[in-house]
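Here are my notes on this model.

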Amino acid sequence: MTKVVLVATSATELKGHATGLWIEELAAPYYQFKKAGYDVVIASPAGGAVPIDAGSMAEGFFTEEAKKFMHDAEAFGQLSHSLKLDSIDFTTGVDAIFLCGGHGTCADFVENAALKSAIETLYASDKIVSAVCHGPTGLPQCNKPDGTSLVKDKSVTGFKDSEEMAVQLQDLVPFMLEAKLKEQGGKYECADDWNSKVCVDGNLITGQNPQSSEECAAAVISALSS
């Protein structure tokens with residue numbers, strides 16, 4: 001059975017700003033992967049209960065998939081008892097990793113040895129490395145097997161600098177994601193703010209924002225089916 005590991009943040013705050021997982025960015029891929037018949041594992045840096053950013057459950061952001069997830073005993077149970085990232089053996093049996101967003105990732109996806117190891121291991125094995133919105137915050141620390149930056153010369157996307165300015169958290173994030181991906185030699189692509197954009201370049205698949213999570217998951221399924 002195809003196995004996908006969804007990675008969510010364990011961080012409840014970013015420099016005093018209450019945050020966590022943007023629930024839609026895990027719920028939508030979760031159901032798409034389940035529908036495809038995959039074994040779906042939810043993991044986080046610390047393991048255990050994953051904090052949810054209250055903003056992602058606010059009017060206009062709380063999608064049908066997110067609502068369904070919150071009332072799904074099995075799904076919510078997995079989110080409440082997420083596996084500790086470093087307890088998973090990524091050298092065998094894992095076909096894809098999907099980094100979910102939310103500003104919590106800006107606190108614990110950066111300089112994270114377990115996440116770096118997981119991504120680099122899968123990438124070097126030609127397995128799928130995927131991330132959406134702030135999920136790509138976990139990519140700049142990673143390298144290809146030849147030692148160059150993982151995103152160098154790759155078509156890639158992630159939360160746009162203008163979107164970060166729009167939510168007024170530019171002074172709290174460790175780096176502006178768009179700028180960082182470009183700085184590392186990534187061929188950054190984007191749609192207009194809050195519109196879906198997904199980049200597929202070999203086994204690296206990225207989505208720009210919350211609006212891209214379904215399309216990003218669909219691209220992962222397509223890649224795993226080819």
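1. A pocket, as used here, is an open set of grid points with protein on both sides within 12 Å along at least five of seven lines. The model is a predicted one. Its largest pocket holds about 350 Å³ of space.

2. Now the helices. Two packed helices are described by the angle between their axes and the distance between the axes. H1 spans residues 24–35 and H3 spans residues 73–80. Their axes come within 12 Å and cross at roughly 120 degrees. H1 and H3 are therefore oblique to each other. Their crossing is right-handed.

3. On the H1 side, Leu 26, Tyr 30, Tyr 31 and Lys 34 make the contact with H3. Their partners in H3 are Glu 74, Ala 75, Gln 78 and Leu 79. By class, the residues of this contact are five nonpolar, one polar and two charged.

4. H1 also packs against H8, residues 213–225. Here the axes come within 9 Å, with a crossing of roughly 35 degrees. The H1–H8 crossing is right-handed.

5. What makes the contact between H1 and H8? H1 supplies Glu 24, Glu 25, Ala 28, Pro 29, Gln 32 and Phe 33. H8 supplies Ser 213, Glu 214, Ala 217, Ala 218, Val 220 and Ile 221. Seven of the residues in the contact of H1 with H8 are nonpolar, two are polar and three are charged.

Terms used: Residues are numbered from 1 along each chain as its sequence is written. This is a predicted model: local features need pLDDT of at least 70, side-chain atom pairs count only at pLDDT 80 or more; totals for chains, interfaces and linings use all residues. Side-chain values use heavy atoms; hydrogens and water are left out. Axes are lines fitted to C-alpha atoms, for helices over the stretch in contact, and angles run from 0 to 180 degrees between N-to-C directions. Helices (H or I, at least four residues) and strands (E, at least two) are DSSP runs, numbered from the N terminus. Angles under 35 degrees count as roughly parallel, over 145 as roughly antiparallel, 65 to 115 as roughly perpendicular and the rest as oblique. A crossing is left-handed if the near helix is turned anticlockwise from the far one by less than a right angle, and right-handed if clockwise. Contact means heavy atoms within 4.5 Å. Ala, Val, Leu, Ile, Met, Phe, Trp, Tyr, Cys and Pro count as nonpolar, Asp, Glu, Lys and Arg as charged, and the others, Gly among them, as polar. On a 1 Å grid over the protein atoms alone, a cavity is a set of points where a 1.4 Å probe fits but cannot get out, and a pocket is an open set with protein on both sides within 12 Å along at least five of seven lines; lining residues have an atom within 4 Å of a point. Grid points are joined across faces, edges and corners, and a volume is the space filled by probe spheres set on the points.
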